[in-house]
Amino acid sequence: MPERVHPADLPTLDAETAGRLRAERRLAALGIARSAGPQIPGESPYVGDAGEEAVVEGTPGTWRVHPAYVGLPFTGRTALLSPFDRLIHDRVRAEQLFGFEYILEMYKPRDKRRWGYYALPVLHGDRLVGKLDATADRRAGTLVVNAVHEDVPFTGPMTAAVRAEIEDLAAWLGLRVGA
C-alpha cells in the first residue's frame with residue numbers, strides 16, 4: 001500500500017538513478033564520506049562518485065565532499081551528542097576524520113567499560129574532545145555526572161562550555177545536576 005505513504009506522482013527510477021540519488025543524499029547529510037570500502041551489514045556509508053574528490057591530511061586514501069559545503073565559513077559550538085548521531089555512527093569514519101575512538105558500552109559488563117553505560121560524545125567546535133558518563137536519577141531529581149572523559153586536555157573555556165551543556169541536558173530532562 002505505498003499509495004498511503006508516497007505521493008502518486010513520484011517518478012519511477014531505474015536502479016542506477018536511484019542509487020546515484022541515494023548516494024548524493026547520503027553525502028549531503030554527511031558532508032564528507034568515502035566513495036567505497038569494505039561491505040558492512042546494514043545501510044552502506046559509501047557514496048560512490050557523488051560530490052568532489054578530497055584528500056584529508058593524516059588519513060589514507062581519498063574522500064568525497066559535498067560541493068555545497070566547500071569553502072563555507074564554519075562556526076562551531078559545544079554539544080553533547082547521541083551515541084547514534086550520524087557524525088559518529090560510522091566508527092571507522094569518526095576515528096579517521098577526528099581521531100575519535102568510541103564504542104557504545106551498554107552491553108559490556110560494568111568492569112569492562114572504559115567510558116560508561118551510555119557515554120555521550122562531546123563535540124567542541126570542529127573536534128570530538130571527550131565523552132560524558134551521566135545517569136538520570138529520577139527519584140532524586142538529579143543528573144549524576146559519573147565522569148567527563150577528556151580525550152584532549154580541556155581548556156577553561158571548553159570546561160565551561162561542557163558544563164553549560166550538562167546544565168542544559170539536566171534542564172531538558174527536568175533534573176538538576178547532582179554529584
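Reader: How many salt bridges does the count come to?

Author: The count comes to five salt bridges. Bear in mind that this is a predicted model.

Reader: Where do Arg20 and Glu24 lie?

Author: Start with the general idea. An α-helix has 3.6 residues a turn, so residues three or four places apart point the same way. Here, Arg20 and Glu24 are both in helix α1, four residues apart, about one turn of the helix. Arg20 counts as partly exposed, at 43% relative accessibility, and Glu24 is partly exposed as well, at 33%.

Reader: Which residues of α1 are buried?

Author: Buried means under 20% relative accessible area. In α1, Ala23, Arg26, Leu27 and Leu30 are buried. Viewed down the axis of α1, the buried residues fall within an arc of 95°, so they line one face of the helix. On the other side, Arg25 and Ala29 are exposed.

Reader: What covers the buried residues of α1?

Author: The cover includes β1 (32-33), β3 (63-65), α2 (86-89) and α3 (91-98).

Reader: Which residue forms a salt bridge with Lys131?

Author: Asp151 does, with the closest N and O atoms 2.6 Å apart. Lys131 is in strand β6 and Asp151 in the loop between β7 and α4, so the pair ties together parts that are 20 residues apart in sequence.

Reader: Is Lys131 buried or exposed?

Author: Lys131 counts as buried, at 1% relative accessibility.

How values were computed. Residues are numbered from 1 along each chain as its sequence is written. This is a predicted model: local features need pLDDT of at least 70, side-chain atom pairs count only at pLDDT 80 or more; totals for chains, interfaces and linings use all residues. Side-chain values use heavy atoms; hydrogens and water are left out. Buried means under 20% relative accessible area, exposed over 50%, partly exposed in between (1.4 Å probe, protein chains only). Helices (H or I, at least four residues) and strands (E, at least two) are DSSP runs, numbered from the N terminus. The arc is that of the directions from the helix axis to the C-beta atoms. Contact means heavy atoms within 4.5 Å. A salt bridge is a side-chain nitrogen of Lys or Arg within 4 Å of a carboxyl oxygen of Asp or Glu.
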